[in-house]
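Please keep the coordinates open while reading.

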Amino acid sequence: MEKTNGSAALETGKLGGLMRKHSIPCIISLLVGALYNIVDQIFIANADYLGSVGNAANSVVFPLTVIALAVATMIGDGCCAYVSISLGAREEEKASRSVGNAVLLTVTSGVLLMLIYLIFRDPILTAFGGKVNGETFAMAKEYFFWITLGIPFYMFGQAMNPVIRSDGSPEFAMASLLAGAICNLILDPVFIFGFHMGMTGAAVATVIGQVVSAVMALIYLFRMKSVKLGRHSFAWSRKLLAGILLLGMSSFLAQISIVFSMAAVLNMCRKYGALDPIFGLEEYAHIPTAVVGIVMKFFQIVISIAIGLSAGCIPIVGYNIGAGRRDRACGLMKRMLIAEALIGLAALILFECFPQPLIRIFGAGQESRYYTEFAVRCTRWSLGGIVLSCVNKGTFIYLQALGKAWASTALSMLREVVFGVGLVLLLPVWFGLDGILYFMVIADVLTFAVSLSVILRTMRELNGDTAGKNEKSLTNAGRCDILLEN
């Protein structure tokens, strides 16, 4: 089949230009998606009647939104892959039914998760460290209730986003998320400072933004260019659902593994904070949880850029593997890893040299000196390995693009579960509360030690000595992962 000018450019265009073209929209979409919780936390922190206690409550609820995101991403990425495969096989009917089933599954799972959250609210919040003190728990319950009501809308917007991108409309996909984030940005100060609605105001502003994104996604679904939805599209099919979930499983594992690490961190903050001579006092007990939540947001911003950069490379590497241009795939891998390291280095300089101005954005100026001192120490130690964090994340995604899904998933689970949970549980035994601050940099160093061997082996494969036995597997797997990611 003759190549189109657009697809041919993936094989012949300059790698640097291709990286910029494909990665920048992906980076922007991820950053916009990250804005919801970050914007809430900034305005909460700067409201004198909420402050660091409100921040702690926000931090407790945040992992629960990640669970919803994990399910939504699994459905969305899986549907995206199934649609691409079906259209490639000229099976338009199957493609439309897969979108319809994805819509049904997203709505059903969103409502089900909302009900589970509402019914088991107190035990769930307790499991994520919510009972650090009474005031934090009360604010967490208030924020959690309204956020939970928005879960179905949040999941729908997130699940349909990759489907919209795969239909050739990345600009609309980005705009739908951006519109919701802008609504949240405008409404947060109105509700928190103008109407004095507290945690309820922050949550309601977020939910309204999520509704806007969901409505825009819904409107687009009935105007898709490649798939036409009708009543027949919404008939349940076990076979289609199984295919969608299987194709989206790696995306689910990548997100859900982070939740385990966050749960361990928040619980250790509560446990070992209570043993600290300062943070063991009732009025300061919430500080470690609040500070760790802020550091998570710093990390989330940087890692969104790192993920966007590597995810944007997926169609480029996949196409070149399929075209037999393993030399370009190898060159792209080198460029991507260098770019990831540079992003991490810029972030490292910022975090190590200017921690106080950064934490003031989250209201540190009106907090006690204990808060500021711990926040500076936490920022510098926890984010001291951000360079390796970016390189590791880029490696995971690039391996997935090459079809090395098991290697990618294994490395991701090693970082987020084995080290992300294991070190969090072990280090405080020897170092007390400070052990929580050390785990990220140690986890990234250990993960990179393993990743480096995988990187070098992969480059040797791409460079050619193992061409005969690896080309076929790399080619087929690369084609598969283009579908999975687009």
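How many cavities of 30 Å³ or more does the structure hold? In this predicted model, there are 2 cavities of 30 Å³ or more.

Among the lining residues are Phe-299, Ile-303, Asn-392, Lys-393, Arg-415, Glu-416 and Asp-444, and by class the lining divides into 3 nonpolar, 2 polar and 4 charged residues.

The second largest cavity, with a volume of about 50 Å³, has a lining of 5 nonpolar, 4 polar and no charged residues. Both α7 (151-166) and α9 supply at least two residues to this lining, with α7 giving the most, 4 residues. The lining includes Tyr-36, Phe-153, Tyr-154, Gln-210 and Ser-213.

## Nonpolar surface patch

A nonpolar surface patch of about 910 Å² includes Val-107, Leu-115, Ile-116, Phe-120, Phe-145 and Trp-146. At least two of the patch residues come from each of α4 (92-119) and α6 (134-149), and α4 gives the most, with 7 residues. Ile-116, which sits in helix α4, counts as partly exposed because its relative accessibility is 35%.

## Backbone at His-196

Most residues other than glycine have a negative phi. His-196, although not a glycine, has a positive phi of about 55 degrees. His-196 belongs to the loop between α8 (170-194) and α9 (198-221), and His-196 counts as exposed because its relative accessibility is 52%.

Technical notes. Residues are numbered from 1 along each chain as its sequence is written. This is a predicted model: local features need pLDDT of at least 70, side-chain atom pairs count only at pLDDT 80 or more; totals for chains, interfaces and linings use all residues. Side-chain values use heavy atoms; hydrogens and water are left out. Buried means under 20% relative accessible area, exposed over 50%, partly exposed in between (1.4 Å probe, protein chains only). Patches are made of residues with over 30% relative accessible area and no salt bridge: like charges are joined within 9 Å, nonpolar side chains (Val, Leu, Ile, Met, Phe, Trp, Tyr) within 5 Å. Accessible areas come from the Shrake-Rupley method with a 1.4 Å probe; for residues, only the protein chains shown count as cover. A salt bridge is a side-chain nitrogen of Lys or Arg within 4 Å of a carboxyl oxygen of Asp or Glu. On a 1 Å grid over the protein atoms alone, a cavity is a set of points where a 1.4 Å probe fits but cannot get out, and a pocket is an open set with protein on both sides within 12 Å along at least five of seven lines; lining residues have an atom within 4 Å of a point. Grid points are joined across faces, edges and corners, and a volume is the space filled by probe spheres set on the points. Ala, Val, Leu, Ile, Met, Phe, Trp, Tyr, Cys and Pro count as nonpolar, Asp, Glu, Lys and Arg as charged, and the others, Gly among them, as polar.
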